[in-house]
Amino acid sequence: MQRQIVELLPRLRRLARVLARNPADADDLVQLTVERGLARQGQWVAGTRLDSWMFRIMKNAWIDESRARTRRSAVFAPEEAGEHVGHDGAGAMQARLEAADVDRAMAKLPDEQRLAVALVLVEGLSYKEAAQVLEVPEGTLTSRLVRGRAALLGHLQEVA
């Protein structure tokens, strides 16, 4: 299971960046998710999708953290402290520039739409799996996804 979690790290990090919108906070969220997953590995049912289980842990951890932040009105770390976390500094600049428009457009989406788009379009979960992660009916997920796609395309057309 530990090896499978390590293989999931890039996907966990992508989803964390969608949720947190800040690289340092995203890294902290991934760490918290992995810690919780390892601590509760006995709760995972063999034969089910580990990625969906870990995504649900992450979603719940983010909700917990968001509530705690509201109470204490603080952040994990100053924004500049996590600005370059995970960047290799050698190349991929063009891809980052092209992805920046998508990141900005995603950031404009409401949380529920952004998460639906990230789980289905970025992470490749089925509608059913994404609905289970979000703990909503499939129809609700589909509605959020349709509205999110339309808004995302609208934002990207404005940029172009």
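**Pocket lining, nonpolar core and backbone features**

The lining of the second largest pocket comprises five nonpolar, one polar and five charged residues. The lining residues are Leu19, Lys59, Trp62, Ile63, Ser66, Asp111, Glu112, Arg114, Leu115, Leu134 and Arg144.

One of these lining residues, Arg114, belongs to helix 5, which spans residues 111-122. Arg114 counts as buried because its relative accessibility is 4%, under the 20% limit that defines the class. When neighbours within four places in sequence are left aside, the contacts of Arg114 are with Val18, Leu19, Arg21, Met106, Ala107 and Leu109; of these partners, Leu19 is also listed in the lining of the second largest pocket.

Arg21, a contact partner of Arg114, is placed in the loop between helix 1 (2-20) and helix 2. The backbone at Arg21 adopts a positive phi of about 60°, although the residue is not a glycine. Most residues other than glycine have a negative phi. With a relative accessible area of 46%, Arg21 is partly exposed. A positive phi of about 60° also occurs at Glu135, which is likewise not a glycine and is found in the loop between helix 6 (127-134) and helix 7 (138-159). Glu135 counts as exposed because its relative accessibility is 54%, over the 50% limit that applies to this class.

The largest nonpolar core contains 39 residues, and those with the most contacts inside it are Leu12, Leu15, Met54, Met58, Leu119 and Leu141. Two or more residues of this core come from each of helix 1, helix 2, helix 3 (50-72), helix 4, helix 5, helix 6 and helix 7. For Met54, one of the residues with the most contacts inside the core, the residues touched are Ile5, Leu8, Leu12, Thr33, Val34 and Gly37, not counting those up to four places away in sequence. Among these partners, Leu12 is itself listed with the most contacts inside the core.

As to confidence, the mean pLDDT of the protein is 85, and 83% of its residues reach 70 or more. Confidence is highest in helix 2 (residues 23-39), at a mean of 93, and lowest in helix 4 (residues 93-108), at 76. Where pLDDT is low, the predicted coordinates should not be read in detail.

Methods. Residues numbered from 1 in each chain as written. Predicted model: local features only at pLDDT ≥ 70, side-chain atom pairs only at ≥ 80, totals over all residues. Heavy atoms only, no water. pLDDT = per-residue confidence, 0-100. Helix = DSSP H or I, 4+ residues; strand = E, 2+ residues; numbered from the N terminus. Buried < 20%, exposed > 50% of the residue type's maximum accessible area, 1.4 Å probe, protein only. Contact = heavy atoms within 4.5 Å. Core = buried A, V, L, I, M, F, W, Y, C linked by side-chain atoms within 4.5 Å. 1 Å grid on protein atoms, 1.4 Å probe; cavity = no way out; pocket = protein on both sides within 12 Å on 5 of 7 lines; lining within 4 Å. Nonpolar A, V, L, I, M, F, W, Y, C, P; charged D, E, K, R; others polar.
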